[in-house]
Amino acid sequence: MSATQTDPVLFSVLLGRFNSIVNEMTLTLEYSAWTSILALNRDFSCAIYDAEPRQLCMYDALPSHTASLQLVLREIARTFEGDIHEGDVFACNSPYRWNSHVGDLVTVAPVFVDGRHLFWSVTKGHQMDTGATVPSSVSAVVQNVWQEGLHIPPLKLYDRGVKRDDVFDLYLSNVRYREHSEGDLLAQLGSVEKGRERLVELVREFGADVVTSYAEQMLAYSDRRMSEEIAAVPDGEYLGEGWVDTDGYDAFDIPIKVKVTVDGEQVRIDLDGSGAQARGGVNGSYATTQAAASIPFMQYIDPDIPHNDGCLRHIECYAPEGTIVNARFPAATSAATIVPSDAIQDTVNKAMAAALPSRVPAGGARCGNTPQLAGVDARTGEPWGVMLFNGTGGAGGTEGADGWPLVESIGAAGGVKAQPVEQLELLYPIRIERMEIETDSMGFGAFNGGPGVRCEVRPIAGEMECITFGDNYANPPHGVLGGTPGIGGGMYVEQAADGSRAFFTATAHVVVREGDLLVGVSTGGGGYGNPIERDAERVRRDVRDGLVSRTAARALFGVVLSDDPDPVLDAEATAALRAELAAVERPLVDPQEPGAATWLEETRREGDRYLVNPKGVVVGDDD
Amino acid sequence: MTGRKEDAVDGSSPGTFRVGIDIGGTFTDFTVIGDDGSVSLWKQATTSDDPSRAIAEGLEWVAAGLRLKTPEFLERVSLLVHGTTAGTNAVIQRNGPKVGLLATEGFRDILYFRDAFKPERFNIHLEHPGGFVERNLRLGAVERIAPDGEVVTPLDEASVRAAAETFRAEGVRAVAVAFLWSVVNPAHERRAAEILREELGDVDVLCSSDILPEVGEWERTSSTVLSAYILPVIKAYMRKVEDHLSGLGLAHPLLIMQINGGCASVDEVLRRPVNAVHSGPAAAPAAAAWYARELGEDDLITVDMGGTSLDVCVIVGGQAGMSRKLQVESQPIGVPGVDVHSIGAGGGSIAWVDNGGALRVGPRSAGATPGPAAYGAGGTEPTVTDAHVALGRLAPEAFLGGQRKLHDDRSRDAVERAVGEPLGLDLIAAAGGILRVVNANMVGAVRAVSVERGIDPRGFTLVCGGGAGGLHAASLARAIGMKRVLIPREAGTFCAFGMTVTDVRHDHSRALHAVSSDERFEEVDAAFAEMEAEARERLEASGFGPDQIEIQRSVDARYVGQVHEITIPVPPAEAYGPTQMREIEERFNAEHRRHFTYAREGLPIEFLHWRVTGVGRIPETRQPAPARGDGRALVPAGTRGVWFEEVDAVVETAVHWMEALSPGDRISGPAIVQSSTTTIAVNPGDVLSVLDNGSYAIDVDIESAAAAQLTTTTTTGANR
């Protein structure tokens, strides 16, 4: 069917119906999942693909999943070519079979109507455990595919409607927290089934030919709008450079290099020159790297454009094999969706800052403060584990808006929830002692980064393992267009006995003894625009509210205030100071060198220890 | 003054009245029901500077219509329920008083952090929604309680007094006290409140353990802060109305409509002010539930379509769906509320073509000013109302009883210019397209509260209220596969009517962790007993006898280790044990399967919040049976060309005035039935009948609906 034969009304109707089907899939998974990583942190994506498979529709899903799902679906379809039937449900988690990382389990059902395979109903969910050597599905410690957990090639969970109990058993026998993992798997399958049922209903209502031809039009519509958006970006080559803190072992400030070529309606992102493959689990898979390279462009365009294959086809990515952005088997890619993905996204944004100044965000937190905590509850003997999202970092400022707090990572784009403190304390043997904004933790700008958070956790019944798999302690979120960077932040353990403190890197595995305190101070996002352009009244309120110190208000924002608790603005002095500061040139992107974070240096006191990539170190036994 | 009345009764005969008063943005609606079943409807222009003035003026007109003086009328009023926007408006307009928050030291930013969720992942320019307490008034008290209620850190009273000092210096009018784990041990909150009252005198102080005694600090804190924010406003307003009415002779206490769909005395509402948010719209389900009883149908979906929004609510088994996830201005409300789902689809919703060439309707609305292009008041963008005018569905001369002349030429111009030309459609196709898109949006809203929650709406009756509902009702029903539509006689003052038939309702809850595999549940038994005693006591204090009081028990349950709960009814029992638990498990498994496609039978279930709802049943009202028609053939008032989606064509259509119809009359579509406040479109193939109580039912011809749909998809061409 050509575009001229499209009924614009039916088009809108069907577009709305696809959205509501995916929304229903999303609610089914979110509200019936077992573990907080799916039920609250919403680390999952639901989507509909056509038979080919091309993405037709996703809804409020994780960009790092939805911009790469087509790769693993194609692999599943290729593997089972000629053996795809009504009632089948497939699964796959292997990054070497074009999945993102081993933590993400894809479950997908082909949707047949009257014997015709029309769609795929897909859910990808991050599992709390993969049976890795450490009790975390994400880790920088692991060095190969056998250490990061069970790799699942494309296989059938259901074969023509018959559940394969042996396959379920094999999977569940290889992961921790079996009851919970089974619950999560059932919730994912429930979501896939919801999508399948609703798609069959849709086709019965409108007819297969009508639905598929309009699905084609949905792709053409997005394609058309995406073409216009990309065509409006000046053609040219744009360069950016960023750094990953460490490989988890002995490499530091690993470079990420990006060359973006905009040519008419097409964008090509080339990561040649990026650092060598990492020893630890912080390598990218091809799927995560091409997603990370695409996402910034998906955020530059009008958010109103339906995100589907029609958009994605305009962006291509080259990632040389054997580097940190595209590891070679059997290297571990355990943390791939965050490290190096977040740094890649940030670097694309840096590259595009001059060409698209009103569209690029400043740098955001790259998962530096999202520890996996685990232990055995001394009161019950039960093992427990939770990924903690209550102290994560802030987003970068953008034109028109300060960044949000607690966005966790750039890849999550704010779509993850944290657990209530009371729920955490009810479920796990920990006490949260503080969860509060950290003054001056964000980058300053005309629009500030979202603030960082001070989050303190005390294990109260048995020791607590703390596994971190992030970035940004050494290389903080950048400021853009004159904005300043975030602080970088970090974590340490404070021993109850003597108050001594042990700091550690963003890729660590430490054990916190019962009664000691785990302290995280997350970075705020980078600032957008020159701070002297920030509305002085907003700066005054930031100071009154303790978000920004008086010192910073004066030195960077050029705002002069009285000493009152509710300070009074000295407009005249402010104007004069701002005129003075205007003469100071601020870089387009700040910092321009690796290792620029200052938080650790400023926070460390004499006697504090610093553990570099510790592997299972019990804090207190580390001297 | 504007007004309208129907079926005025002679006030000289003895009898009592029930009155519902609903304040909206444009009109204050009155519904008066006599104990003989007579109904008076009245619309008074809202006086937004002092809403109580419109109440006084309206009551005067209503009384005059009954040939009574206001005091004579009020003496005979047995029930007066008021739905007020005072609370909601203070929140939406953010013009409430300065409030303070005292939180556990280290946790004062909980309202800012929210649940850490930022919506719209691809919109990086979205601003944080902010809150209702500035950070310099969010202070910490040194104290800490553990999940089992044990005191970890005793309350440092000096830290409370220091906070009081700041609150005083800043001139706060109300303070919310919300500490961690106050739900299991409220001692610290209570002591802190005592100190604050001592220090601050007449400042209102509210404790989270009183407002929302449930686990989850964000919702509990938000609910308490919203309460503090609106309390000074609604207290002044409600006391004023109360004094005014009792001064005029109202013998019974004024009742306020609550968010939970029931009403309560002013004192009760001021104890938990957050219940006064969304006070008006929450009455729609009460009206619908009344019709459910009247019609003997338990399953309804109500849609209330006004100028800017469509409010949708599902009634299953005669009960409105409740939600604890409601928000106002992006702040969680926390208390259970009638689950009214709103979308920006009303008569004033604007149609536009996006830059990819797709036709869109809403969510932007032309509102009352400038209003649709047809109003001739400066609006130039085409609205849903303009599409109706252009398609002959709304008569220019009949709108609001002729009080407002509609300019059909302006409607046509607007539709052609903003939709027809960009899309290459003729006027009819463009205007028809607007209606089809808005209908599709409405279908989406109905699906969101039904199929997306596992409810199949096809056996349900669609109840339509609001001025614009009747024009969309039958098409909406057909698209969803619903066979029957009801348009109440009181459609124009639907919520005010709901207030005259609602019950008094109080919700109680207790956080108490338990697992279904436990042997004994003494604490649960005791909690239920206490909550029931409290519920009865409060209802008895409002004058309800034992036979009018109904107690409902429920619990928030999940499989052990699961994260989200679902609320299920609990059978009454003196002492819970394994027998009751097996029944509860069965209910839970069935509900879980219905919502999520699967259940894990055999796994134990854990419980978090035990709930008791106390309902004081208002005696049933009856409606009069207007004289049936004499069986003469109906003669339409005229005919005009009207477009119907089902045939995608303009057909010559009979037009009837509602006033000329009598119970028992039946009209086959295509037809238009109009009055001064509402218009009903009867589609080809459908049949409208006038019910004994004066309302209208449409039997929807869904059999041919599938065929019609297919016709639509093949013959409606864009660029013909």
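Predicted model: local features only at pLDDT ≥ 70, side-chain atom pairs only at ≥ 80, totals over all residues.
User: How many helices and strands does the secondary structure of chain A come to, and what is its radius of gyration?
Analyst: The secondary structure of chain A comprises 15 helices and 24 strands. For its 623 residues the globule rule gives 25 Å, and the chain lies close to this, so it is as compact as a globular protein of that length. Its C-alpha atoms fill a box of roughly 75 × 60 × 45 Å along the principal axes. The radius of gyration of chain A is 24 Å.

User: What is the radius of gyration of chain B, and what box do its C-alpha atoms fill?
Analyst: Chain B contains 18 helices and 35 strands. Its radius of gyration of 27 Å is close to the 27 Å that the globule rule gives for 720 residues, so chain B is as compact as a globular protein of that length. Taken along the principal axes, the box filled by its C-alpha atoms is roughly 80 × 60 × 55 Å.

User: Which element gives the most residues to the side of chain A that touches chain B?
Analyst: The contact involves 74 residues of chain A and 54 residues of chain B. On the chain A side, the elements that give two or more residues are α1 (8-32), α2 (36-39), α6 (178-206), α7 (208-231), α8 (286-300), α11 (421-427) and β14 (430-437). The element that gives the most, with 14 residues, is α1(A).

User: How do the residues of the side of chain A that touches chain B divide into nonpolar, polar and charged?
Analyst: This division concerns the 74 residues of chain A that are in contact with chain B. Of the residues on this side, 20 are polar and 20 are charged. The nonpolar residues number 34.

User: What separates the centres of domain 2 and domain 3 of chain A?
Analyst: The domain assignment of chain A gives domain 1 as 3-224, domain 2 as 361-437 + 449-525 + 592-617, and domain 3 as 531-585. Taken over C-alpha atoms, the separation of the centres of domain 2 and domain 3 of chain A is 29 Å.

User: What separates the centres of domain 1 and domain 3 of chain B?
Analyst: Chain B is divided into domain 1 (1-83), domain 2 (96-236) and domain 3 (504-616). Over C-alpha atoms, the centres of domain 1 and domain 3 of chain B are separated by 40 Å.

User: Which strands stand at the edges of the five-stranded open sheet of chain A?
Analyst: The five strands of this sheet follow the order β13-β12-β16-β20-β24, with mixed pairing. Neighbouring strands are turned by 20° against each other on average, direction ignored. Each edge strand has a single partner strand, so one side of each is left without a neighbour in the sheet; these are β13 (383-387) and β24 (615-618) of chain A.

User: Which residue in β20(A) does Ile467(A) stand opposite?
Analyst: Strand β16 (464-467) and strand β20 (509-512) of chain A pair in the antiparallel sense over four bridges. Opposite Ile467(A) stands His509(A).

User: Which residue of β23(A) is the bridge partner of Ala502(A)?
Analyst: An open sheet of six strands in chain A has the order β14-β15-β21-β18-β19-β23, with mixed pairing. Here β14 and β23 (609-611) stand at the edges, each with a single partner strand, so one side of each is left without a neighbour. Strand β19 (501-504) of chain A runs parallel to β23(A), and three bridges join them. The bridge partner of Ala502(A) is Arg609(A).

User: Which residue takes a positive phi in the hairpin of β6(A) and β7(A)?
Analyst: Strand β6 (155-159) of chain A is joined by three antiparallel bridges to strand β3 (89-92) of chain A, where Ala91(A) has Leu155(A) as bridge partner. β6(A) also pairs with strand β7 (162-163) of chain A in the antiparallel sense over two bridges, and Asp159(A) is partnered there by Val162(A). The hairpin has two residues between the strands, and the residue with a positive phi, near 45°, is Arg160(A).

User: Is the crossing of α8(A) and α10(A) left-handed or right-handed?
Analyst: The axes of α8(A) and helix α10 (341-352) of chain A come within 8 Å and cross at roughly 35°. Residues that meet include Ala292(A) and Ile295(A) in α8(A), and Ile344(A) and Val348(A) in α10(A). The residues of this contact divide into seven nonpolar, five polar and no charged. The crossing of α8(A) and α10(A) is right-handed.

Notes: Residues numbered from 1 in each chain as written. Chains lettered and ligands numbered in written order. Contact = placed C-beta atoms within 7 Å. Nonpolar A, V, L, I, M, F, W, Y, C, P; charged D, E, K, R; others polar. Pairing = 2+ DSSP bridges. Axes fitted to C-alpha atoms, helices over the stretch in contact; angles between N-to-C directions. Left-handed = near helix turned anticlockwise from the far one by under 90°. Domains from an automatic or database assignment. Rg over C-alpha atoms; globule rule 2.2 N^0.38 Å.
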